[in-house]
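Visitor: Hi, I've just opened this one and would like a quick tour. Could you take me through it?

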Amino acid sequence: MASSLPVARPALGPAFRHWRAFDCGFRLVTLTATVAVLVLLVGIMIALIKGAAPAFAAFGPHFLVDSSWNPVIEKFGALAPIYGTAVTSFIAMLIAAPLGLGIAMFLTEICPTRLRRPISIAIELLAGIPSIIYGMWGLFVLAPVLQNTVQPVLIGLFARVPGLSALLAGPPYGIGVLTAGLILAIMVLPLITSVACDVFATAPAVLKEAAYGVGATTWEVFRHVVLPYARVGVIGAMMLATGRALGETMAVTFVVGNAHRISGSLLAPGTTISATIANEFTEAVGERYGAALMALALILFAITFVVLAAARLLLLHAGQQTGQRP
Amino acid sequence: MKRYRARRRRNAVAVSVCAGATLLGLGWVILILLALLREGRSGMSLAVFTEMTPPPGAAGGLLNAIVGSLMMTALAVALGTPLGIAAATYLAEYGRHGRLRHVVRFFNDILLSAPSIVIGLFIYEILVAPLGHFSGYAGACALALIVVPVVVRTTEDMLLLVPDPLREAAAALGLPRAAVITRIAYRAAGTGMLTGVLLAIARISGETAPLLFTALNNQFISVDMGSPMASLPAVIFQFALSPYKEWQALAWTGALIITLAVLALNVTTRTIASARSRK
């Protein structure tokens, strides 16, 4: 609406006289609500900082690089959960990124138009399933399969390969860092797919048609026309998915094994920041224990904030870039 | 010719890899839904909806959890929706060209994907710890904080879809700004705003992490929101990780109920949206 133009306001009709006060009030209420959304985010940060302060006062910056976690002597360090969060998210992205891009390419470039909607709806169903369901499925369905068939094969296969043998060593527990990464991959897959579909769709049809016209194959059109065009947006989609994977709680809590240690093997149980909080917060006795968990939450919030902010900026940039071009 | 064949081959490989990825994705959906149906269906009976959660080793239902979930979800929507709609109204109507809009949109998008467990801890810090006890109100507040960004985002998008000439015509008739918004823009964007609220309900009905430290859990039925309250996700969490067979079976049934509810909400949202676009 051209509200900034210097037009004389028409006189209010008699039926709307009483709206004058409401008009002012309505604007004020909506403005307040808008500011409240901002205050919410700042409030979350302040509350976390306040809650975490005793832990940082007691352990200092050493908290970030200490891997001990001993509630009995009240000595806490965040390294093991941070390591677990990073590794599980990394595994998830390693699996979900190529899969998601593949599905997005299939949906935008290859798939017959009639199948496009049903398939994308089915993939989006994955996003609708609550995370606790993924956790149960991972623990009761996926973990036994991994333990009995997949992991023994992996261990046998890589036992003689230097480097990889340490990465995939130890008894097959079924649950552990690798399982958590796998579940996270399934969970972020629909997010990557839908955002990637959106950015792929921004590639101008004229360019694609021109490429097909000079005899390029579907793959070449995708690789040399669509992908360069959508590069920034794809990176944004990846970071958005990473942000989601970093903070995911319930699914990981079920399958990660909840062991406070840093193990070289991906098959060993570990823990993540969110799983540690979910498991231990209600049982945390003593100020220092609670504060250590709050400090973990603060670290998680800070990391996801940076990742998500970067993702949004990239996607915004991608949108503007395509908006400027014809 | 040789090069041409190599290019064709590479293309065939790429296309089949993409098709394979899609099949894998679809396979996962089917596997998860099948497992839910297989494990959850056997426990589905009237008792689930009429009896309390049992002690270990006994039969029972999920009545208190279902009631708790419904009450907290309802209150969360009642708290979060007006705030979200009001904020979105400012963003789309009053402050469309202001700097505040960019800042709020940006942070709202971050809130949208922020870890829900952090929101649970935030409510614990400001509500549970000062009051000294867990409560259904705290759980509803945590869920409301998840509703807000979803509603803000969808409502703003829907209001922006309302054509400006509609607003200009209304303003030219002498309608005050607030009337233009509430009587014209809201009415034109109504179904879209409704889908936003439904999406928000779907999102919070499975949320577990923010309830763990706010509503906690309750073995018995309670309609008093001032005390700890059971919820379906929290009961599933507790029962699924227990060693008792009866509890695990109930957890699967609860999981099936939640998934069916969420899927039903998603289908409803889609039907509304597609009916709207056909109009």
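**Where the chains meet**

Guide: In this predicted model, 74 residues of chain B are in contact with 71 residues of chain A.

Visitor: Which helix of chain B gives the most to the side that touches chain A?

Guide: That is helix α1 of chain B, residues 2-41, with 19 residues on the side touching chain A.

Visitor: And how do the residues on that side of chain B divide into nonpolar, polar and charged?

Guide: There are 53 nonpolar residues, 12 polar ones and nine charged ones on the side of chain B that touches chain A.

Visitor: OK, domains next. How is chain B divided?

Guide: Domain 1 of chain B covers 2-41 and domain 2 covers 47-278. Their centres, taken over C-alpha atoms, are separated by 34 Å. Five residues from domain 1 of chain B and five from domain 2 of chain B make up the contact.

Visitor: What sort of residues does domain 1 of chain B bring to the side touching domain 2?

Guide: Two nonpolar, one polar and two charged.

Visitor: Let's go inside. Which residues touch the most other members in the largest nonpolar core?

Guide: Val188(A), Ile192(A), Ala297(A) and Val147(B), in a core of 193 residues. Helix α6 of chain A, residues 177-201, gives the most to this core, with 18 residues. Domain 1 and domain 2 of chain B each supply at least three residues to the core.

Visitor: Take Ala297(A), then. What is it in contact with, leaving aside neighbours within four places in sequence?

Guide: Ala297(A) is in contact with Leu48(A) and Ile277(A) in chain A, and with Val118(B) and Leu121(B) in chain B.

Visitor: Changing topic: where is the kink in α8(B) centred?

Guide: On Gly190(B), with a kink of about 65 degrees. Helix α8 of chain B runs over residues 177-205, and its end C-alpha atoms are only 36 Å apart, whereas a straight helix of 29 residues would span 42 Å.

Visitor: I like checking backbone angles. What is phi of Leu216(B)?

Guide: Phi of Leu216(B) is near 60 degrees, a positive value in a residue other than glycine. Leu216(B) sits in the loop between α9 (209-212) and α10 (232-240) of chain B.

Visitor: Is Leu216(B) buried or exposed, and why?

Guide: Leu216(B) is buried because 21 other C-beta atoms lie within 10 Å, and 20 or more is the cut-off for buried.

Visitor: What about phi of Glu74(A)?

Guide: Phi of Glu74(A) is near 55 degrees, again a positive value in a residue other than glycine. Glu74(A) lies in the loop between β1 (69-70) and β2 (75-76) of chain A. Glu74(A) counts as partly exposed because it has 13 C-beta neighbours inside 10 Å.

Visitor: Last one: where is Pro130(A)?

Guide: Pro130(A) is in the loop between α3 (113-128) and α4 (131-158) of chain A. Pro130(A) is buried, with 25 other C-beta atoms within 10 Å.

Visitor: And which residues is Pro130(A) in contact with, sequence neighbours within four places aside?

Guide: Gly206(B), Pro233(B), Ile258(B) and Val262(B).

Notes: Residues are numbered from 1 along each chain as its sequence is written. Chains are lettered from A and ligands numbered from 1 in the order in which they are written. This is a predicted model: local features need pLDDT of at least 70, side-chain atom pairs count only at pLDDT 80 or more; totals for chains, interfaces and linings use all residues. Domain bounds come from an automatic or database domain assignment. Two residues are in contact if their C-beta atoms, placed from the backbone, lie within 7 Å. Ala, Val, Leu, Ile, Met, Phe, Trp, Tyr, Cys and Pro count as nonpolar, Asp, Glu, Lys and Arg as charged, and the others, Gly among them, as polar. Helices (H or I, at least four residues) and strands (E, at least two) are DSSP runs, numbered from the N terminus. The expected span of a helix is 1.5 Å times one less than its number of residues. The bend at a residue is the angle between axes fitted to the seven residues ending there and the seven starting there. A residue is buried if 20 or more other C-beta atoms lie within 10 Å of its own, exposed if 12 or fewer, and partly exposed in between; C-beta atoms are placed from the backbone. A nonpolar core is a set of buried Ala, Val, Leu, Ile, Met, Phe, Trp, Tyr and Cys residues joined through C-beta atoms within 7 Å.
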